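Morning, everyone. Please look at the structure on the screen, and I'll walk you through it.

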There are 2 protein chains.
Amino acid sequence: MLDKAVVVLEALERGPLALSGLTTATRLPRATAHRLAAALEVHGLVRRDADGRFALGLRLVGLGREAAADLPVTEVARPVLEALRDETGESTQLYVRDGDRRVCLVSLESPHGLRTIVPVGASLPLDAGSAGRVLRGGAPAGARGGWVESVGEREAGVASVSAPVRDVAGSLLAAVSVSGPVERTSRSPGRRYGAAVVEAAAAVEAALGSAHA
Amino acid sequence: MLDKAVVVLEALERGPLALSGLTTATRLPRATAHRLAAALEVHGLVRRDADGRFALGLRLVGLGREAAADLPVTEVARPVLEALRDETGESTQLYVRDGDRRVCLVSLESPHGLRTIVPVGASLPLDAGSAGRVLRGGAPAGARGGWVESVGEREAGVASVSAPVRDVAGSLLAAVSVSGPVERTSRSPGRRYGAAVVEAAAAVEAALGSAHA
DNA sequence: ATGTTAGTCTCACATGATGAGACACGGCGG
DNA sequence: CCGCCGTGTCTCATCATGTGAGACTAACAT
């Protein structure tokens with residue numbers, strides 16, 4: 001049943017659906033889809049919107065918040081990424097590794113009209129993008145000033161620079177990223193933002209270190 | 001099974017747990033708790049942290065984000081609440097009604113050392129607090145300049161002012177709130193912040209109206 | 001060595017998930 | 001008006017699978 005409940009949640013993740021849409025999206029029989037949605041509704045994981053459609057329940061907001069909050073780096077990194085966004089004028093993100101994916105835990109957007117947008121909670125591959133490479137452990141401590149850059153790897157026209165955040169024992173915790181359109185970042189974003197990103201990662205590390213004191 | 005899976009998620013919402021802790025928190029037999037956590041782990045709703053404990057899975061971050069995003073008022077209200085926080089110097093929140101509760105969808109904190117903190121996703125009663133009263137429909141359009149205040153109702157020492165956000169058809173969508181310690185807000189917070197809160201609610205409404213155009 | 005605790009797996013049995021189909025309702029077309 | 005179709009909700013016989021006691025493994029303490 002849990003498997004099917006998750007299928008329902010994933011269908012609703014794309015947007016609210018009436019029962020017939022849910023039936024189509026999940027490939028479940030109407031009665032099964034209805035019953036699962038109703039069962040999820042009892043628990044607040046699904047709700048009925050004003051049009052009577054099924055939608056993801058607001059209980060998930062709190063659960064998602066607590067999931068992110070279990071990683072102390074999330075809140076510690078937020079003000080640092082805000083400053084980095086303001087300093088660079090580009091969008092900034094914090095990623096952590098989740099199995100063979102990376103998940104975005106903090107995402108702050110550039111004020112420019114043209115900007116990169118990564119939703120909080122987005123799950124992205126590790127094999128593309130600078131943050132993916134960082135989180136795979138591909139950032140040798142000394143090489144290239146401690147940052148990794150990518151241009152058009154995960155998405156055409158998007159460049160990024162990332163640096164690792166490590167804990168006091170040296171374990172890789174997260175990646176701090178700046179990303180933006182190639183038009184502004186240039187094809188060598190590392191030259192432009194690398195030092196700032198590394199500095200931000202160090203600030204996160206420092207804040208984490210003091211949070212443990 | 002779904003009921004029990006939710007019990008597991010709720011147990012982990014309080015923080016990561018080893019299996020024995022999960023067994024205690026859920027009152028489920030060890031094997032059942034283990035199997036449920038493992039099943040949830042397959043779906044990313046639970047993860048194993050660095051210490052091998054079960055924790056809420058990062059998949060929930062994205063689900064929570066999408067749940068909130070299904071309500072357009074959430075993103076529309078964010079910049080307005082940022083400005084309101086900066087203008088008042090107090091914490092600001094956006095609440096929506098969820099059944100017989102209210103859920104906080106946006107929560108921005110005052111820069112003061114002493115501030116109110118409401119977690120995003122927090123589910124609170126409707127029968128206490130200014131936002132609760134607003135969302136119960138207890139804010140007559142003309143009365144008291146369109147705002148509702150409360151002092152120490154939900155939490156001792158905390159005062160708040162809230163105003164309703166309505167859609168173009170006049171239906172109640174959300175409540176905008178300013179809250180802070182009585183020491184700063186005074187026992188008549190409405191006198192101090194009411195106009196700003198109502199103005200913010202109107203700005204949200206205007207932004208919603210233009211988002212539909 | 002023995003006992004305890006933590007995590008994981010097995011399996012007989014009971015429970016409840018399942019889905020085809022029934023039912024109710026509303027809207028539309030002939 | 002009636003019939004049809006689509007939507008949402010409920011029923012119930014069937015059987016798939018969830019359940020938990022207990023077994024097994026590993027690590028740690030005495």
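**Where chain A meets chain B**

Let's start with one pair. Glu10(A) forms a salt bridge with Arg59(B), and their closest N and O atoms are 3.7 Å apart. By salt bridge I mean a side-chain nitrogen of Lys or Arg within 4 Å of a carboxyl oxygen of Asp or Glu. Between chain A and chain B the count is 4 salt bridges.

Before we go on, some ground rules. This is a predicted model, where local features need pLDDT of at least 70 and side-chain atom pairs count only at pLDDT 80 or more, while totals for chains, interfaces and linings use all residues. Residues are numbered from 1 along each chain as its sequence is written, chains are lettered from A and ligands numbered from 1 in the order in which they are written, and side-chain values use heavy atoms, leaving out hydrogens and water.

Back to the interface. How many residues does the contact take from each chain? It takes 39 from chain A and 39 from chain B. Contact here means heavy atoms within 4.5 Å. The area buried between the two chains is about 3,400 Å², and carbon and sulfur atoms give 69% of that. Buried area is the accessible area (1.4 Å probe) that two parts lose on being put together, summed over both. In chain A, Leu2(A), Glu13(A) and Leu58(A) lose the most area to chain B. Together they make up 20% of what that side buries.

Now chain A on its own. It is divided into domain 1 (2-60) and domain 2 (71-211). Those bounds come from an automatic or database domain assignment. The C-alpha centres of the two domains lie 34 Å apart.

Over to chain B, and strand E7 (residues 158-166). Strands are DSSP runs of E, at least two residues, numbered from the N terminus. Is E7(B) mostly covered or mostly open? Mostly covered: 8 of its 9 residues are buried, meaning under 20% relative accessible area (1.4 Å probe, protein chains only).

E7(B) has partners. Two strands pair if DSSP finds at least two bridges between them. Strand E6 (residues 148-151) of chain B runs antiparallel to E7(B), joined by 4 bridges. Strand E8 (residues 172-181) of chain B is antiparallel to E7(B) too, with 9 bridges.

Last, the turns. E6(B) and E7(B) form a hairpin with 6 residues between them, and Gly152(B) in that turn has a positive phi of about 70 degrees. The E7(B)–E8(B) hairpin has 5 residues between its strands, and there Gly170(B) has a positive phi of about 90 degrees.

Definitions and conventions
Buried < 20%, exposed > 50% of the residue type's maximum accessible area, 1.4 Å probe, protein only.
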